[in-house]
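Please look through the model shown below before reading on, and keep it open while you follow the text.

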Amino acid sequence: MSVVIWSDGVLHSPDEALVTGVDHGLTVGDGVFETCAVYGGEAFALTRHLRRLRRSALGLGLAEPDEDAVRDGVKAVLAAAGPDTGRLRITLTGGPGPLGSHRFAPAEQRQTVVVLAGPAVRAETSRAVRVPWVRNERSAVAGLKTTSYAENVVALAEAYRRGADEAVLANTVGELCEGTGSNVLVERGGELVTPRLDSGCLAGITRELLLEWAAGAGLPVREARPGELPYDVLDEVVAGESFLTLSGSIRNVSPVASLDEVDVGLGPVSVEAQRLFQAKVAENVDP
């Protein structure tokens with residue numbers, strides 16, 4: 001299926017030009033975005049994603065998005081794309097700007113909002129590799145979902161070169177942090193443990209829901225204690241002593257079957273967490 005695009009109240013085809021060459025999202029990555037899974041023609045957890053879009057925009061210093069307009073765009077692209085759509089993306093940029101990194105004065109700013117819907121590929125398990133680059137947990141944009149994604153592009157390209165579909169990164173102090181487009185969870189001692197947000201990882205919507213739903217179901221899934229998940233905890237996974245799971249809006253909860261090109265086992269708590277998440281998704285499209 002083709003990608004359907006909405007901007008300024010109008011539907012567009014993928015080959016139409018939509019933004020100016022001086023759009024700040026294009027020239028300096030001055031923008032934020034959200035990606036939602038789509039089930040049966042509806043965006044999953046849209047309210048939570050819009051809440052995070054607003055949080056990211058304000059954290060970047062942009063004006064908060066017009067939620068009603070964004071919802072109109074979501075409705076339009078999903079109606080045009082049809083029931084087989086698997087992915088929705090909402091992008092908000094600072095709009096036209098100077099050639100430098102600074103922005104126009106607030107009165108001159110005109111944001112760009114683009115909503116897209118298209119196909120998605122989902123797999124039951126994931127393949128991950130460690131890469132030598134790190135997340136800066138003290139960055140000005142740590143924890144924000146910005147369009148400045150070049151680091152992720154490079155890391156993910158390395159993962160694909162090595163036959164994987166995700167790269168897992170440390171932060172600057174040697175703690176396990178996140179993947180390029182996913183949160184990570186390590187299963188050890190009968191618990192599934194995910195890095196704290198102050199590690200520099202994104203506050204993932206799937207991560208958030210899994211923590212809530214697991215608590216309600218009595219499944220041992222929790223945030224790590226300070227210092228509990230050093231990056232070399234992944235050595236335990238390769239050695240078969242622990243297990244690794246990824247979570248994200250398209251992959252949902254996905255146990256890792258291969259780490260650093262070594263086949264690894266799937267943890268029982270991870271598999272149960274995957275089942276729980278899938279069941280909850282089927283109950284409520286906007287939890």
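Contact, as the word is used here, means heavy atoms within 4.5 Å. With that cut-off, N252 touches Y39, T206, L246, S247 and F277, not counting residues up to four places away in sequence. This is a predicted model, in which local features need pLDDT of at least 70 and side-chain atom pairs count only at pLDDT 80 or more, while totals for chains, interfaces and linings use all residues. Residues are numbered from 1 along each chain as its sequence is written, and side-chain values use heavy atoms, with hydrogens and water left out.

N252 lies in strand β14, where helices (H or I, at least four residues) and strands (E, at least two) are DSSP runs numbered from the N terminus. Its relative accessible area is 10%, so N252 is buried; the classes are buried under 20% relative accessible area, exposed over 50%, and partly exposed in between, with a 1.4 Å probe and protein chains only. The backbone of N252 also deserves a look, as its phi is near 55 degrees, a positive value in a residue other than glycine. Most residues other than glycine have a negative phi. A second case is D8, which is not a glycine and yet has a positive phi of about 55 degrees. D8 sits in the loop between β1 (4-7) and β2, and it counts as exposed because its relative accessibility is 69%.

One of the residues that N252 touches is F277, and F277 is among the buried residues of α7, together with V269, S270, A273, Q274, L276 and V281. Helix α7 itself runs over residues 268-283, and its 16 residues reach 23 Å from the first C-alpha to the last, close to the 22 Å expected at 1.5 Å a residue, the expected span being 1.5 Å times one less than the number of residues.

After α5 comes G218, with a positive phi near 75 degrees.

Strand β9 (residues 176-179) holds C177, which counts as buried because its relative accessibility is 1%. Leaving aside residues up to four places away in sequence, C177 touches R135, L169, A170, N171, V184, P195, S199, G200 and C201.

Charged pairs come next. Side chains of opposite charge can pair when their charged atoms come close. With a salt bridge taken as a side-chain nitrogen of Lys or Arg within 4 Å of a carboxyl oxygen of Asp or Glu, a search of the whole structure finds 24 salt bridges. One of them joins the side chains of D165 and R127 at 3.4 Å, N to O. This pair links distant parts of the chain, with D165 in the loop between α4 (150-161) and β8 (166-171) and R127 in strand β7 (residues 126-135), 38 residues apart. D165 is buried because its relative accessible area is 15%, whereas R127, at 38%, is partly exposed.

Another salt bridge, between R162 and E158, has its closest N and O atoms 3.9 Å apart. R162 is partly exposed at 22% relative accessibility, and E158 is buried at 18%. Both residues belong to a network of salt bridges that links R130, E158, R161, R162, D235, D260 and E261.

Which side chains meet in a salt bridge at 3.8 Å, N to O? They are those of K280 and E283, which both lie in helix α7, three residues apart, about one turn of the helix. K280 is partly exposed at 26% relative accessibility, while E283 is exposed, with a relative accessible area of 59%.
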